[in-house]
Amino acid sequence: ADGRKKAVTAGGKRMGTFVVTGSSTGIGHAAAKALIERGHTVFGSVRKDADGARVKAELGANYTPLLFDVTDEAAAARAAAEVSSALNGRKLSGLVNNAGIAVAGPLLHLPIEDFRKQLEVNVTGQLMVTQAFAPLLGQDRELKGEPGRIVMISSVGGQNASPFVGAYSASKFALEGLSEALRRELLLYGIDVIVIGPGAIATPIWEKADEVDTAPFDNTDYAAPLKAVKAYMLDLGRKGLKPEKVGALIADSLTLPGRKVRYPIVPSKVEHFMMRNLPKRMLDRIIGKRLGLLPKE
């Protein structure tokens, strides 16, 4: 409590209180750290008590773990009530919807239950968490302070889809549309919605590419291309940006004036430019050749 009080009044200026989902590792952890280093208070969601204790030990008194899964509506509501109690009549400064998963596999053979899980976590879960914390961000006009901001963590895969991560890209395309509609609807309350679309970041989500079991697809026409894309993803992860860079961008987006509605952050600006500007048919052939997806001539 003493640490939170100091954060609120640091330098004679009222500091912010933020909620970051998926704060145990990667981008969420980096965002929480960046905000705390600037004197703010962070409530971070984790799914395991042990993770919460570890991050608390790492980040200190201005970090409080919230134990909930983004697909658990009741748990998210309890977490919002806990934050509300700590705010004591003030508005929440910001929400970072970061928690997510990546489901891999060729769409023609992907189990529908896996596809549903991808959308449940990366789309439905993001809206559910937003609904839980919206009153604290400014929907409740009785609370004191300025309306908060929402940062949605999308991906380059939310604007350009790659083979074998179609379910993930579908979820991020959906999140982009959800964020745009939400930003316009929340004009009513002065709550801003900002999208950040990272490329390959050196986080555990890329390391897990090595754990993806491609055996269920060994008897399909995609067996060889899947092995090629798995190696490509691992290489991207090794060359990816440090999560601290994304964390700093998130902190800027939540606290600085003059913000944009969307920020891409990618390791290779040249590759990003090509993906955004080359004709789609040309990109199809480049990707198809790289992964062995072109028909045999």
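Let me begin with two helices, α5 and α6, whose axes come within 8 Å of each other and cross at roughly 20 degrees. That angle makes α5 roughly parallel to α6, where angles under 35 degrees count as roughly parallel, over 145 as roughly antiparallel, 65 to 115 as roughly perpendicular and the rest as oblique. The contact is made by F115, Q118, L119, N122, V123, Q126, L127 and T130 of α5, and on the α6 side by A167, Y168, A170, S171, K172, A174, L175, L178 and L182. By class, the contact of α5 with α6 has eleven nonpolar, five polar and one charged residues.

Before I go on, please keep in mind that this is a predicted model, in which local features need pLDDT of at least 70 and side-chain atom pairs count only at pLDDT 80 or more, while totals for chains, interfaces and linings use all residues. Residues are numbered from 1 along each chain as its sequence is written, and side-chain values use heavy atoms, with hydrogens and water left out.

A few terms also need their cut-offs. Helices (H or I, at least four residues) and strands (E, at least two) are DSSP runs numbered from the N terminus, and contact means heavy atoms within 4.5 Å. Axes are lines fitted to C-alpha atoms, for helices over the stretch in contact, with angles running from 0 to 180 degrees between N-to-C directions. For the classes, Ala, Val, Leu, Ile, Met, Phe, Trp, Tyr, Cys and Pro count as nonpolar, Asp, Glu, Lys and Arg as charged, and the others, Gly among them, as polar.

Helix α5, which spans residues 112-139, also meets α4, and here the axes come within 9 Å and cross at roughly 20 degrees. That makes α4 roughly parallel to α5. From α4 the contact uses E73, A76, A79, A80, V83, S84 and L87, and from α5 it uses M128, A132, F133 and L136. Sorted by class, the contact of α4 with α5 has nine nonpolar, one polar and one charged residues.

Which residue of α6 can we look at on its own? F173 has its place in that helix, and it is partly exposed, with a relative accessible area of 39%, given that buried means under 20%, exposed over 50% and partly exposed in between, with a 1.4 Å probe and protein chains only. Leaving aside its neighbours within four places in sequence, F173 is in contact with G157, G158, Q159, N160 and A161.

Two loop residues come next. N88, in the loop between α4 and β4, has a positive phi of about 55 degrees although it is not a glycine, and at 66% relative accessibility it counts as exposed. F164, in the loop between β5 and α6, has a phi near 75 degrees, again a positive value in a residue other than glycine, but F164 is buried, with a relative accessible area of 8%.

Finally, strand β1, residues 17-20, has both faces covered, with T17 and V19 on one side and F18 and V20 on the other all buried. Four bridges join β1 to strand β2, and the two run parallel, where strands pair if DSSP finds at least two bridges between them. The bridge partner of V20 in β2 is G44.
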